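Please walk through this model one region at a time. Keep the sequence and the structure side by side as you read.

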Amino acid sequence: MMCAALGRHTHVGYCRAEGTVCDGPQLQHINSRMLPLPDRPKDYISHELFWERTGFQDPYTKEEQTDFAKCDHLSQGPEHETSQGVAAQQSYCTLPMFHEPQSITQPSSAQGYVSTDGHDFACKNPSVGHQSFHVIFVIDRSSSMSSSDRQPQRGTPGHNRIRNRGYTNRLGTVYSALYSFWTARHAALTALADRRGTLPRNDAYSVILFNSTAHIAIANDFTASPDELLDSLLTHEPAFGTCFDVALRRAQGVLENYWSNERSPVVIFLSDGECAVSDNSIYDLAQKSLALGKALVFHSVSFGPNAASYYLRRMADIASEVQSRAPPNPLADPGAGTCSYTEAIDTIRLAETFLGFAASLQKQRGSLIRA
């Protein structure tokens, strides 16, 4: 039957609250409009509550009912992905369907972890692996980044600090994404250290802020806290024009000056895309990395309109071409090893998208609705 085919799932029901908060152990209010009758409020409801409201006996077995009552969020560790025709071995959150966020320092299993959005998994933490990185963030702070069409999301780490400093714009969205990235990595290492002893942060962070010129705001940092890293950025506001070539040359300088064979180079280039760039600039950067001993992983992220993204896509394509010439890296994590272009990424998923940090994935929730 339909529920068995869905596995862990929710149903959708019309909201029965009248001016009160309707979230609870068996339901979660849906804030967006949904068909049918999009103007009528709806809730996600549990399998148990769905059958209780029908007045009929639940036809599923006790074992199935127990599974349906559990959370439908999935771990995104690469070991859970389908590989060479072998079906994915999925790892679900161990908590009830509509649970409160779990403390990141209190996983239920000694071998498990809690994701940054509060889901508990019994598998290993995908954000702490064998590979270390030098992550070079190249951030556009030209005047076009003052546009307010992208803003830091409420409830995300550092939201109040960023907005209170006046960054209710594209640049503030980038700062929020970076802070989420840093706090996710820091929290994962802290939780692991609590159980296994002190672990140093092996990743190095550099940040280049650019407009018509390029400034190194953070260089090869191993020790600063997420708050300290964010403070290093909050004095830099949007201003002046844009030059991708200048930014890429500065990124190449940072890559060369702080090269380490212990760390794989990653460049995350964040912009609204409104600038041309010479192919030679990205070729030089990617080929220099390869000559030093490791292929560059280059991620371009657009916070602007799709029509302005051609050169961001072009940079990722060229970096991917150069990367394809390199011998495979046995330590490379699948989520971090491929160059990419991403459009309009939201502020909470930067770590998840680029380095496979510990944010969970959520299944497409069931849309079974009873009129």
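His-236 counts as buried, because its relative accessibility is 16%. Buried means under 20% relative accessible area, exposed means over 50%, and partly exposed lies in between, using a 1.4 Å probe and protein chains only. His-236 sits in the loop between α6 (226-231) and α7. Helices here are DSSP runs of H or I with at least four residues, strands are E runs of at least two, and both are numbered from the N terminus. Leaving aside residues up to four places away in sequence, His-236 touches Arg-141, Tyr-167, Leu-171, Tyr-175, Leu-209, His-215 and Ala-217. Contact means heavy atoms within 4.5 Å.

This is a predicted model, in which local features need pLDDT of at least 70, side-chain atom pairs count only at pLDDT 80 or more, and totals for chains, interfaces and linings use all residues. Residues are numbered from 1 along each chain as its sequence is written, and side-chain values use heavy atoms, with hydrogens and water left out.

Eight of its eight residues are buried, so β7 is largely enclosed by the rest of the structure. Both faces are covered. Phe-133, Val-135, Phe-137 and Ile-139 are buried on one side, and His-134, Ile-136, Val-138 and Asp-140 are buried on the other.

Which strands pair with β7? One is β10 (residues 264-271), which runs parallel to β7 and is joined to it by seven bridges. Ile-136 stands opposite Val-267 of β10. Another is β8 (residues 204-210), also parallel to β7 and joined by seven bridges. There, Val-135 has Tyr-205 as its bridge partner. Two strands pair if DSSP finds at least two bridges between them. Strands of a sheet pair through backbone hydrogen bonds, either parallel or antiparallel.

Now look at an open sheet of three strands. Its order is β1-β3-β2, and the pairing is antiparallel. The edge strands are β1 (11-14) and β2, each of which pairs on one side only. From one strand to the next, the twist averages 35 degrees. β1 and β3 pair over four bridges in the antiparallel sense. Gly-13 stands opposite Asp-43 in β3.

The loop between β2 (27-30) and β3 (42-45) holds Pro-36. A cis peptide bond joins Leu-35 to Pro-36, with omega at about -5 degrees. Leu-37 lies in the loop between β2 and β3 too. Leu-37 is not a glycine, yet its phi is positive, about 50 degrees.

Asn-220 also has a positive phi of about 50 degrees without being a glycine. Asn-220 belongs to strand β9 (residues 214-221). With 18% relative accessibility, Asn-220 counts as buried.

Finish with a helix pair. Two packed helices are described by the angle between their axes and the distance between the axes. Helix α7 (residues 244-257) and helix α8 (residues 279-292) pack at about 10 degrees, with their axes 9 Å apart. The two helices are therefore roughly parallel to each other. Angles under 35 degrees count as roughly parallel, over 145 as roughly antiparallel, 65 to 115 as roughly perpendicular, and the rest as oblique. Axes are lines fitted to C-alpha atoms, for helices over the stretch in contact, and angles run from 0 to 180 degrees between N-to-C directions. From α7, the contact includes Leu-248, Leu-255 and Arg-249, and from α8 it includes Ile-282, Leu-285 and Lys-288.
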